[in-house]
Amino acid sequence: MPSLSHDRRGRRGALSRGRGHLPRWLLAGVVIASRLTAVTLSRADEPRPVVDVSVLRSPGLPVLEQRSGDAGWRTACVVPCTLRLSVADEYRIGGDGVVDSSPFRLPATDEHLRVEARGGSPLLRDVGTLLAVGGMAFAAGGGAILLLPDDANASSDARSSKVVVGIGFIAMGLLATTVGVLARLFSDTSVRVSVAP
């Protein structure tokens, strides 16, 4: 009999200790849930400025695109537009017939912001690429002409003609490459974010 009462007392003690302490997995779940809630609330409380988006010049149909985290780009609005946006996301100007701008972020402020963009032309960019590549090929051809060995029986006029042709190819190639690089630079879409007056 004494052993039986001792067993009952031991079980009661274990039960009372078990009721007084929460399992570790439950505590871990509560901590994780509270941290996730804090992150969600902090994101909800972040400033979401009102933004006017306008494109000064554009060859196509520009849109403001938005990307959250690792997600892909999605259309936020068709320009011109006014909307409230998150400062945590990335943005860019893109769309049909417009060269995509570099990604940009909005400053954390409660003030009214203005996004001004100058849309770049994909046609100008492609023409610039062709001119730059073609110009480099022309310049390389001119250099190859100049490096060709002279014919031992060639007259001085033939030798001078070869030099003129080689230099002409190099000059045309450098000119085309310069124009192509400038065309590519001017075909970029530029974006400026400022506080609206």
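In which strand does arginine 92 lie? Arginine 92 belongs to strand β5, which spans residues 90-96; strands (E, at least two residues) and helices (H or I, at least four) are DSSP runs numbered from the N terminus. The model is predicted, so that local features need pLDDT of at least 70 and side-chain atom pairs count only at pLDDT 80 or more, whereas totals for chains, interfaces and linings use all residues. Residues are numbered from 1 along each chain as its sequence is written, and side-chain values use heavy atoms, with hydrogens and water left out.

Arginine 92 is buried, its relative accessible area being 16%; buried denotes under 20% relative accessible area, exposed over 50%, and partly exposed the range in between (1.4 Å probe, protein chains only). The side chain of arginine 92 makes a polar contact of 2.5 Å with the side chain of glutamate 65. A polar contact is a pair of N or O atoms within 3.5 Å; within protein, one must be able to donate a hydrogen and the other to accept it, and residues adjacent in sequence count only if both atoms are side-chain atoms. When neighbours within four places in sequence are left aside, the residues in contact (heavy atoms within 4.5 Å) with arginine 92 include Val63, Leu64, Trp73 and Phe104.

Strand β5 forms part of an open sheet of three strands, in the order β3-β2-β5 and with antiparallel pairing; two strands pair if DSSP finds at least two bridges between them. Because β3 (74-78) and β5 each have a single partner strand, they stand at the edges, and one side of each is left without a neighbour in the sheet. On average, neighbouring strands of this sheet are turned by 40° against each other, direction ignored, with axes taken as lines fitted to C-alpha atoms. Strand β2 (residues 61-67) is joined to β3 by four bridges, the two running antiparallel. Valine 63 is placed opposite valine 78 of β3.

One disulfide is found in a search of the whole structure, a disulfide being a pair of cysteine sulfur atoms within 2.5 Å. It is formed by cysteine 77 and cysteine 81, with sulfur atoms 1.9 Å apart. Cysteine 77 is buried at a relative accessible area of 10%, and cysteine 81 is buried at 15%.

Helix α4 (residues 156-186) comprises 31 residues and reaches 45 Å from its first C-alpha to its last, close to the expected 45 Å, which is 1.5 Å times one less than the number of residues. Among the buried residues of α4 are Lys162, Gly173 and Ala183. The cover over the buried residues of α4 includes α3 (122-147).

Technical notes
Axes are lines fitted to C-alpha atoms, for helices over the stretch in contact, and angles run from 0 to 180 degrees between N-to-C directions.
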